[in-house]
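Please work through the following questions and answers with the sequence and the three-dimensional structure side by side.

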Amino acid sequence: MVTTAYKEIFGRAADVSRFRTFGCDAYIHLSDDKQPSFGPRAVKGILLGLDEHSLAYEVMLPGNKLILAGHVTFNEDLSTRQALTAQQEQGYTQLLTDM
C-alpha cells in the first residue's frame, strides 16, 4: 500500500482542505467599516499561498502589495480569468491607501 511520509510520521492523513489553486483570483472581503457607500464589497487579488503562522491566505493586490487575509472567496477556474482594467486598478489602489 502506498502512503505518504506525513502519514507515516503522524499516523493520520494531512489536512489539505484549505489548499487552493496557486495564482487563482482571490476576492478579499472588506469589513463594513472599510467599505465605502455604494463601493466594492471586495478587492480582487492573486492567491500566493497560505501563511505559515496563521490561518490566513497570502494575497497579492494591484501594485504588488502583499496582504494576509482570512475572509477570502476564490475563483479557481483559471479559464475565466480577466485582467484588471487601469481604472479598476487605480480604484483598488486608492481604496487600499485609505485603509
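Q: Is Asp25 buried or exposed, and what is its relative accessible area?
A: In this predicted model, a residue counts as buried when its relative accessible area is under 20%. Asp25 falls below that limit and is therefore buried, with a relative accessible area of 3%.

Q: With which residue does Asp25 form a salt bridge?
A: The count of salt bridges comes to one, and the cut-off between a side-chain nitrogen and a carboxyl oxygen is 4 Å. In the pair that Asp25 forms, the closest N and O atoms are 3.9 Å apart, and the partner is Lys44.

Q: Which strands hold Asp25 and Lys44, and how many residues apart in sequence are the parts that the pair ties together?
A: Asp25 belongs to strand β1 (residues 25–29), while Lys44 belongs to strand β2 (residues 42–50). Lys44 also counts as buried, at 13% relative accessibility. Because the two residues lie in β1 and β2, the pair ties together parts that are 19 residues apart in sequence.

Q: Which residue stands opposite Lys44 in the pairing of β1 with β2?
A: The strands β1 and β2 pair in the antiparallel sense, over five bridges. Within this pairing, the residue that stands opposite Lys44 of β2 is Tyr27.

Q: What is the order of the strands in the open sheet?
A: The sheet has five strands with antiparallel pairing, and its neighbouring strands are turned by 40 degrees against each other on average, direction ignored. The edge strands, each pairing on one side only, are β4 (65–69) and β5. The order is β4-β3-β2-β1-β5.

Q: Which residue in β5 does Ala26 stand opposite?
A: The strands β1 and β5 run antiparallel and are joined by four bridges. Ala26 stands opposite a residue of β5, namely Phe74.

Q: What is the angle between the planes of Tyr6 and Phe10?
A: Tyr6 and Phe10 are four residues apart in helix α1 (residues 5–10), and therefore they are separated by about one helical turn. Their rings form an aromatic pair that is tilted, with a distance of 4.6 Å centre to centre and an angle between the planes of 40 degrees.

Q: What accessible area do Tyr6, Ile9 and Phe10 have together in their nonpolar surface patch?
A: Ile9 lies in helix α1 and counts as exposed at 63% relative accessibility. Phe10 is likewise exposed, with a relative accessible area of 53%, whereas Tyr6 is partly exposed, with a relative accessible area of 30%. Together, the three residues of this patch have an accessible area of about 330 Å².

Q: Which residue is the bridge partner of Met60 in β4?
A: The strands β3 and β4 run antiparallel and are joined by five bridges. In this pairing Leu61 stands opposite Lys65, and the bridge partner of Met60 is Leu66.

Q: What phi does Asn64 take?
A: Asn64 has its place in the loop between β3 and β4, and at 63% relative accessibility it counts as exposed. In the hairpin of these strands, which has three residues between them, Gly63 takes a positive phi near 85 degrees. Most residues other than glycine have a negative phi. Asn64, although a residue other than glycine, has a positive phi, near 60 degrees.

Q: How far apart in space are Leu30 and His71, C-alpha to C-alpha?
A: Leu30 has its place in the loop between β1 and β2 and is buried, with a relative accessible area of 9%. Leu30 and His71 are 41 residues apart in sequence, and their C-alpha to C-alpha distance in space is 8.5 Å.

How values were computed: Residues numbered from 1 in each chain as written. Predicted model: local features only at pLDDT ≥ 70, side-chain atom pairs only at ≥ 80, totals over all residues. Heavy atoms only, no water. Phe/Tyr/Trp six-rings, centres within 6.5 Å; stacked < 30°, edge-to-face > 60°. Buried < 20%, exposed > 50% of the residue type's maximum accessible area, 1.4 Å probe, protein only. Pairing = 2+ DSSP bridges. Axes fitted to C-alpha atoms, helices over the stretch in contact; angles between N-to-C directions. Patch = residues over 30% accessible without salt bridge, like charges linked within 9 Å, V, L, I, M, F, W, Y side chains within 5 Å. Areas by Shrake-Rupley, 256 points an atom, 1.4 Å probe, with all protein chains shown as cover.
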